[in-house]
Amino acid sequence: MRRIALTGTVALSVLTAAACSSGTTTSTAQGGAAATSSQTSSKPLSAYLLQQSDIPSGYQQQQLPPGAADAVGSITAATKGAKVTPTSCQPDLSGFDAQQALSTPKAIFANTATGAAIVTAVSTKSAGANGSVEDFRRYNLGDCATHQITTTVGANSVTATQKATQLTVDTPGVSGALAARLETTAQVPGAPERTSEQLVALLPIPDGAVLVSVNNLTAQPDEAVFRQVVTAAAKKISG
């Protein structure tokens, strides 16, 4: 059961990265993010990823679980075919490649006792994505802080409402970062309504962004853990 939860967590995190990096228009970055992203990185992308020493006790680094590719693929198909209301909150995912997203640098840490997971990944413009903090802001905050998603998963029609709340987190040395709590309530006909939460942060780097997410498919994600690992990710970028 824990492995299934981790697989779903990874899939959700990959799709979150896709949503934040799939704008069809160019947004103007705020708080210094544009200046940061226009530079060329001298670091290998793996240097931006969290290491075991950055993670709270109880979490252990994991390999990508079996079934993650299938999970991401099925969620991607459902997401690409989804109808978002209002329509201005629907990012263009037509060019998103699930397999390419799975091959990007990432590190996964899981707490097998609680079912919680920490995922950190790098999205770059040179890899075919915008890697834009501002696209995440555009499609998930402001007028899009609450939006509805209707899609088909298998033979089931699913309606979900996502509500996003921006969070203030400490990102020493990094300007233009964004963090949010995403609460998604899904309704499948004939099944109980289900609500899940995901904590997400996007930190700009030269030519892209670093995604940090904390998930728990069976309980609320731990905000204290989230703040700790986001701060650690910022130090990786600025150090």
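Two strands pair if DSSP finds at least two bridges between them; strands here are DSSP runs of E with at least two residues, numbered from the N terminus. The model is predicted, so local features need pLDDT of at least 70 and side-chain atom pairs count only at pLDDT 80 or more, while totals for chains, interfaces and linings use all residues. Residues are numbered from 1 along each chain as its sequence is written, and side-chain values use heavy atoms, with hydrogens and water left out.

Select strand 7 (residues 178–187) and strand 8 first. They pair in the antiparallel sense over nine bridges. Thr185 stands opposite Thr195 in strand 8. Six residues lie between the two strands of this hairpin, and Gly190 in the turn has a positive phi of about 85 degrees.

Next, colour strand 8 (residues 194–205) by accessibility. Nine of its 12 residues are buried, meaning under 20% relative accessible area with a 1.4 Å probe, protein chains only.

Go on to strand 9 (residues 208–216), which runs antiparallel to strand 8 with eight bridges. Leu203 stands opposite Val210 there. Two residues separate the strands in this hairpin, and Asp207 takes a positive phi near 75 degrees.

Now return to Thr185 and find Gln162: the two are 23 residues apart in sequence and 6.5 Å apart in space, C-alpha to C-alpha. Gln162 is in strand 6 (residues 156–167). Gln162 counts as buried because its relative accessibility is 10%.

Show the side chains of Gln162 and Asn140: they make a polar contact at 2.8 Å (a pair of N or O atoms within 3.5 Å; within protein, one must be able to donate a hydrogen and the other to accept it, and residues adjacent in sequence count only if both atoms are side-chain atoms).

Key
Helices (H or I, at least four residues) and strands (E, at least two) are DSSP runs, numbered from the N terminus. Buried means under 20% relative accessible area, exposed over 50%, partly exposed in between (1.4 Å probe, protein chains only).
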